Amino acid sequence: MEKKEAAGRLELLGIEIWKAARDELYLGMRFLDVALCSFVYQMDTGVSPFGTDGAIIYFHPQQLGGLYRQNRIHVNRGYLHMVYHCIFRHMWKEYQAAAWQEDKRSDCLPDALTRLWNLSCDIAAEHLIDGNYYRSVRCSRSLLRRETYRKLEAEGKTLHAERIFQLMIQWQIDEKGLTKLEQEFYVDDHQYWPDHQTDKKPDSSAALQKKWQDIDEQMETDLETFSKEAAEKNGDLLGQMKIENRKKHDYRSFLKKFSVLREEMGIDPDSFDYTFYTYGLSLYGNMPLIEPQETKEVKKIEEFAVVIDTSMSCSGELVRRFLEVTYEVLSENESFFRKINVRIIQCDEAVRSAVKISCEKELKEYMDGLTLYGEGGTDFRPAFEYVDDLLRQGELAKLGGLIYFTDGYGIYPKKVPGYQTAFVFMQEDYQDAEVPAWAMKLVVT
């Protein structure tokens, strides 16, 4: 009985500590109001020192009390750390490790990749907190922490968990280095994350994920409007939210917007009635009442233009990745007709190269000998003028549309073209560019 009462007192004390941390964080970061109040607190002596599943914060009472006595800022940071895990849905993204293993882009074993993913999520959350200017979470950084941030920030891009994960795989960290980083950035226990729980119901996990996505989107709107000053004091929080909340598209599906309807040789199973066919065979022996059609109507890509921005702002590696994805899509038999008219144009401030592709063989030869020309400024108008000239000359008769791969910063045409146009961005930390209202916009990874 006494043990139960003691345990009850410990749990109540722990709950009071969490409520104090929540209130202190709220005073400085009011835009986090809904996120901070989205948890209940529960004692669990099997956790070290605390952790969350997105709905409950579990805590070890003695360890939590020790952190609070040492410095309450550690508790504040722990609370905010778990909030960031939930806002960016880190606990529902552990598929990242498996995806890299399947793609064979890493020699790491699955267990090592899982450790790297968990570490990447912790670094992403800690990097945001360390970039925060509020006194309730400010503390000194160790040399290892400062050096890690310096290496990660070298590219000058937004440090979300996925990017950190990719960079750390490239570093090929040994066991000793990985252990040091895990110790440095360890804040919370991830044992309650859905992928670690075998008895979690998928429906409840999906509902939690949707709840935090809604909170994330609401916070982004708040930071862009009423809490702009708060956004400036929270490091790159708004930048990460933009990346997390942007709409993601399937590039293969997107290319179907440029397809046209035409008849092609082949049996159309949708228009063929097997009932009359088999009835005729049974009635007359070898004479069906209806024969299958020898042609079918299909929607495939026949004519379109791909423009590559080869200015200094677009890296050659990024351009190659875009072309490789385009090539993979066009190489599929169901994507385009046997005879096509695709123009691949390289342009910076002027058209530097233009190649006509009429079959899969020519497309493969172009990719095998791909050379990029340019690295000047960015002006979109010359490419549109070139395509307009092809249309006037009759070189393009059924142009499905134009896809322009770019970073989005350049001079756009003032006149609306007479064909579909899409600006494609392949940047994981892409920020909205002033794309004209008449053009489609797609962000792919």
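A search of the whole structure, which is a predicted model, finds 17 salt bridges, a salt bridge being a side-chain nitrogen of Lys or Arg within 4 Å of a carboxyl oxygen of Asp or Glu. Local features need pLDDT of at least 70 and side-chain atom pairs count only at pLDDT 80 or more, whereas totals for chains, interfaces and linings use all residues. Residues are numbered from 1 along each chain as its sequence is written, and side-chain values use heavy atoms, with hydrogens and water left out.

Asp23 is joined to Arg22 by a salt bridge in which the closest N and O atoms are 3.3 Å apart. Asp23 is partly exposed, at 40% relative accessibility; buried denotes under 20% relative accessible area, exposed over 50%, and partly exposed the range in between (1.4 Å probe, protein chains only). A salt bridge is also formed by the side chains of Glu175 and Arg115, at 3.2 Å from N to O. Because Glu175 belongs to helix H9 and Arg115 to helix H6, this pair ties together parts that are 60 residues apart in sequence. Helices (H or I, at least four residues) and strands (E, at least two) are DSSP runs numbered from the N terminus. Glu175 is partly exposed, with a relative accessible area of 48%, and Arg115 is likewise partly exposed, with a value of 28%.

The side chains of Glu126 and Arg145 meet in a salt bridge of 2.8 Å, N to O. Glu126 is in helix H6 and Arg145 in helix H7, so that distant parts of the chain, 19 residues apart, are linked by the pair. Both Glu126 and Arg145 are buried. A network of salt bridges links Arg77, Glu126, Asp130, Arg145 and Glu184.

Asp122 also lies in helix H6, which spans residues 110–130. Asp122 is buried yet has no salt bridge, and the nearest side chain of opposite charge, Arg145, is 9.2 Å away. When neighbours within four places in sequence are left aside, Asp122 is in contact with His81, His85, Phe185, Asp188 and His190, contact meaning heavy atoms within 4.5 Å.

Helix H7 (residues 143–152) packs against helix H8 (residues 161–171) at an angle of about 100 degrees, with the axes 11 Å apart. Axes are lines fitted to C-alpha atoms, for helices over the stretch in contact, and angles run from 0 to 180 degrees between N-to-C directions. H7 and H8 are therefore roughly perpendicular to each other; angles under 35 degrees count as roughly parallel, over 145 as roughly antiparallel, 65 to 115 as roughly perpendicular and the rest as oblique. Thr148, Lys151 and Leu152 of H7 make the contact with Ile164, Leu167 and Trp171 of H8. These residues divide into four nonpolar, one polar and one charged, where Ala, Val, Leu, Ile, Met, Phe, Trp, Tyr, Cys and Pro count as nonpolar, Asp, Glu, Lys and Arg as charged, and the others, Gly among them, as polar.

The packing of H7 with H9 has an angle of about 105 degrees, with the axes 10 Å apart, and these two helices are therefore roughly perpendicular to each other. Here Leu144, Arg145, Thr148 and Tyr149 in H7 meet Lys180, Leu181, Glu184 and Phe185 in H9. The residues of this contact comprise four nonpolar, one polar and three charged.

Backbone geometry was also examined. Most residues other than glycine have a negative phi, and most peptide bonds are trans. The peptide bond from Ser48 to Pro49 is cis, with omega near -20 degrees, and Pro49 lies in the loop between strand S1 (40–43) and strand S2 (50–52). Arg89, although not a glycine, has a positive phi of about 55 degrees. Arg89 is found in the loop between helix H4 (72–87) and helix H5 (95–102) and is buried, with a relative accessible area of 5%. Gln172, also not a glycine, has a positive phi of about 55 degrees. Gln172 is placed in the loop between H8 and helix H9 (175–185) and is exposed, with a relative accessible area of 66%.

How values were computed
Lys and Arg count as positive and Asp and Glu as negative; His and the chain ends are not counted.
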